[in-house]
Amino acid sequence: MGASMMLVKKMLNGIMMKEITIKELADRYDVSTRTIQSKIKKLGYEWDSKESIYRYVGEESEPVDVDFSTLISKNSKVPAEQKQANSEVAASISYLNESESTSASSSKASTTTSKIDAIDLLLQHPQKRSKRVYRGFYFDDDVLSIIDRVPKSYKSELINEALRKVFKEKGLLD
């Protein structure tokens with residue numbers, strides 16, 4: 001395991017202050033990001049996306065002084081679930097790698113010939129959002145400059161539509 005002790009309070013503060021990401025925690029404990037998020041939820045915390053903070057909504061007293069690493073043991077009750085989540089992540093990564101090489105050439109051709117689509121509409125007229133799950137990603141400057149053109153509250157919608165369009169072209173979504 002090799003992960004040092006980390007109290008729940010310190011970990012959640014680290015996430016909220018953007019000193020550590022869920023992905024970095026998942027790597028540290030050798031589990032999926034889904035596992036980390038479900039452990040935080042089981043502790044009684046809920047992510048407030050408006051304020052970017054974890055809010056304690058549990059019944060008992062807040063478990064701030066619990067060592068988070070003790071909640072993630074290799075002989076926990078959900079090894080099958082963890083393996084499943086890890087394999088799903090691995091599968092999605094391989095899809096992304098396969099699509100990266102082909103999308104570079106095909107995307108340029110399709111943008112010039114396509115009519116106005118959901119992405120164009122969002123760039124001009126943002127709309128209401130559906131139920132979401134938060135994930136953090138790193139963006140390259142050229143991509144980020146386009147994302148930053150839309151108002152903050154519509155960035156997720158734009159990214160979802162852009163990815164949905166590519167995934168539909170690749171036959172991964174209907």
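Contact, in this talk, means heavy atoms within 4.5 Å. With that cut-off, take the contacts in the chain between residues at least 6 apart in sequence: 64% of them join residues at least 24 apart.

Before going on, a word on the source. This is a predicted model, with residues numbered from 1 along each chain as its sequence is written, and local features need pLDDT of at least 70, while side-chain atom pairs count only at pLDDT 80 or more and totals for chains, interfaces and linings use all residues. Side-chain values use heavy atoms, with hydrogens and water left out.

The overall layout comes next. The chain has eight helices and two strands; helices (H or I, at least four residues) and strands (E, at least two) are DSSP runs, numbered from the N terminus. Read from the N terminus, the order of elements is α-α-α-β-β-α-α-α-α-α. The chain has 174 residues, and 23% of them count as buried. Buried means under 20% relative accessible area, exposed means over 50%, and partly exposed is in between, using a 1.4 Å probe and protein chains only.

Now to helices α2 and α3. Two packed helices are described by the angle between their axes and the distance between the axes. Here, the axes of α2 and α3 come within 8 Å and cross at roughly 105°. The axes are lines fitted to C-alpha atoms, for helices over the stretch in contact, and angles run from 0 to 180 degrees between N-to-C directions. The two helices, α2 and α3, are therefore roughly perpendicular to each other, given that 65 to 115 degrees counts as roughly perpendicular, under 35 as roughly parallel, over 145 as roughly antiparallel and the rest as oblique. On the α2 side, the contact is made by Ile22, Lys23, Leu25, Ala26 and Tyr29, and on the α3 side by Thr33, Ile36, Gln37 and Ile40. Sorted by class, the contact of α2 with α3 has six nonpolar, two polar and one charged residues. For those classes, Ala, Val, Leu, Ile, Met, Phe, Trp, Tyr, Cys and Pro count as nonpolar, Asp, Glu, Lys and Arg as charged, and the others, Gly among them, as polar.

Between these helices there is a loop. Asp30 sits in the loop between α2 and α3. Its phi is near 60°, a positive value in a residue other than glycine. Asp30 is exposed, at a relative accessible area of 56%.

Within α3 itself, which covers residues 33–42, we find Thr35. Is Thr35 buried or exposed? Thr35 is buried, with a relative accessible area of 5%. Its side chain makes a polar contact with the side chain of Ser32, at 2.9 Å. A polar contact is a pair of N or O atoms within 3.5 Å; within protein, one must be able to donate a hydrogen and the other to accept it, and residues adjacent in sequence count only if both atoms are side-chain atoms.

On to charged pairs. How many salt bridges does the structure hold? There are five, a salt bridge being a side-chain nitrogen of Lys or Arg within 4 Å of a carboxyl oxygen of Asp or Glu.

One of them joins Asp27 and Lys23, at 2.8 Å from N to O. Asp27 and Lys23 are four residues apart in helix α2 (residues 22–29), so about one helical turn separates them. Both ends are partly exposed: Asp27 at 48% relative accessibility and Lys23 at 47%.

Another links Asp48 and Arg55, with the closest N and O atoms 2.3 Å apart. Asp48 is buried, at 16% relative accessible area, whereas Arg55 is partly exposed at 34%.

A further salt bridge is that of Asp148 with Lys155, at 2.9 Å from N to O. Asp148 is partly exposed at 44%, and Lys155 is partly exposed at 23%. As for shared partners, salt bridges join Asp48, Glu51 and Arg55 into one network.

Last, helix α8. Glu161 belongs to α8, residues 155–169. Glu161 is buried, with a relative accessible area of 16%. Leaving aside neighbours within four places in sequence, Glu161 is in contact with Ala118, Ile119 and Leu122.
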